[in-house]
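Me: I am new to this structure and would be grateful for a close look at one of its chains.

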Amino acid sequence: MIILAAEEHNPLIPPLGEIIIGTIAFAIVFFVFAKFVAPRFEQIFRARREAIEGGIERAETMQAEAKAALDQYRAQLAEARSEAAQIRDQARAEGQQILEELRAQAQEESARIIARGEEQLAGQRQQVVNELRGQIGALAVDLASRVVGESLADEARRRGTVDRFLAELDSMAASGESAR
Amino acid sequence: MTSSALVLGNALAAGSDGFQAPGLGEFYPTPLATFSLLGVDFEITRITLGLWIATLLLIGFLVAAVRRPQIVPGKLQFIGESGYSLVRDGIARDVVGPRGLPFAPFLGSLFFFILANNMMSIIPLAQISPMSKFAFPLVLAMICWVLYIWVGIREQGAGRYFKDILFLPGVPKPMYILVTPIEILQNFIVRPFTLAVRLFANMFAGHMLLVVFSLGAVYLLSRDNFSLIFGPISALMAIVMTFFELLVIFLQAYVFTVLMGTYLNGSIESEH
């Protein structure tokens with residue numbers, strides 16, 4: 001029976017019923033796959049890609065942040081260094097200035113002291129000269145009156161004579177000084 | 001293998017000494033029921049039952065695989081994803097081309113449908129693939145045929161598409177006498193026919209091999225003499241061939257899909 005049946009069939013000529021059934025079966029699979037399965041798979045792939053890319057992005061952001069922090073730190077360090085250098089320079093300049101001022105002050109002081117000493121010295125000299133002039137005059141008159149034997153103390157002429165004499169002495173001394 | 005058993009039963013009952021080799025009857029099992037609808041005869045056989053079981057199991061598997069989608073996939077999702085990625089990235093994107101991704105659902109359902117039906121050829125109790133019936137591969141090939149011609153017309157325009165097929169660019173004019181008939185034959189007849197026959201013949205031959213070795217083992221073990229040695233060898237071969245069949249199952253599903261991918265590529269890219 002089976003062998004007889006086999007002879008009736010040509011395997012390359014399919015019955016219409018099977019073609020219809022096959023079409024329906026594939027259509028169902030395609031419908032389910034295209035409407036439901038494939039979009040879900042695509043969704044999964046997308047979610048996974050986003051998760052991976054998101055991770056990379058996060059890492060990149062963190063790296064950028066770390067780099068920014070490092071840059072900021074370096075900038076701050078450089079700033080602090082330059083500031084320190086500036087302060088040092090300023091301090092040095094100030095020290096120099098103070099030194100200059102002190103030196104000038106000291107010089108001024110010494111000049112003043114010297115000037116006062118000279119002044120004092122000149123005053124004393126003048127006093128000594130004045131005293132000497134008085135004493136020399138009195139001595140000379142005393143001596144002359146003793147030599148002459150008469151008092152010429154009240155004589156206006158005598159006064160004039162002594163004064164002239166002393167002026168002569170002065171001019172002699174002045175000319176002697178200038179000649180020297 | 002009821003029909004195979006019947007063959008063996010008949011042979012033994014007839015008392016004939018020779019081994020009754022299984023024939024085409026394998027693929028025409030006695031229908032469990034027949035009915036007629038709108039003048040078309042339908043037979044419910046174990047092969048059509050196999051088709052529906054494979055289809056339902058496939059849909060059940062796919063739906064279960066994507067029911068709770070997770071970034072880190074579970075086992076079922078991973079298997080489904082691997083299959084779909086193979087088709088989506090390996091065929092739709094790499095074979096069809098940059099504009100091939102919209103075809104991924106079609107190619108994916110093609111691949112999974114063929115795979116599930118091929119699987120029936122080594123699943124115990126079913127043990128015959130619906131794809132070893134010419135009707136089913138033919139249906140798929142026809143759908144592919146219509147699709148790649150339609151895509152060609154849509155992408156390149158009817159005039160350009162048919163002109164390029166009839167008069168292959170870059171061929172010397174006298175050669176058209178030779179090339180044009182070949183191209184027509186190739187694009188409109190040979191492609192769908194080979195697509196269908198390749199799958200059908202592989203599953204057909206695979207089933208025949210398994211049946212011959214299985215029946216041979218049963219037959220030989222019921223005989224005397226050296227048959228006791230050759231029987232187990234035959235049984236062993238049946239097991240080995242089952243593993244070989246597993247390879248063919250995957251390979252043919254993949255080959256069918258890849259070829260459809262190259263046809264779609266030819267339709268989309270106009271350089272041809």
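What percentage of the residues in chain B is buried?

Reply: This is a predicted model, in which local features need pLDDT of at least 70 and side-chain atom pairs count only at pLDDT 80 or more, while totals for chains, interfaces and linings use all residues. Residues are numbered from 1 along each chain as its sequence is written, and chains are lettered from A and ligands numbered from 1 in the order in which they are written.

Of the 272 residues in chain B, 41% are buried; a residue is buried if 20 or more other C-beta atoms, placed from the backbone, lie within 10 Å of its own. Chain B contains eight helices and two strands, these being DSSP runs numbered from the N terminus (helices H or I, at least four residues; strands E, at least two). Along the sequence their pattern is α-β-β-α-α-α-α-α-α-α.

Strands S1 (residues 33-37) and S2 (residues 40-44) of chain B pair in the antiparallel sense over five bridges, where pairing requires that DSSP find at least two bridges between the strands. Within this pairing, B:Phe35 has B:Phe42 in S2(B) as its bridge partner. Two residues lie between the strands of the hairpin, and B:Leu38 there takes a positive phi near 55°.

Contacts, defined by C-beta atoms placed from the backbone lying within 7 Å, complete the description. Among the contacts in chain B with a separation of 6 or more, 62% join residues 24 or more positions apart. Towards the other chain, 40 residues of chain B are in contact with 35 residues of chain A. On the side of chain A that touches chain B, H2(A) gives the most, with 26 residues.

Key
A residue is buried if 20 or more other C-beta atoms lie within 10 Å of its own, exposed if 12 or fewer, and partly exposed in between; C-beta atoms are placed from the backbone. Two residues are in contact if their C-beta atoms, placed from the backbone, lie within 7 Å.
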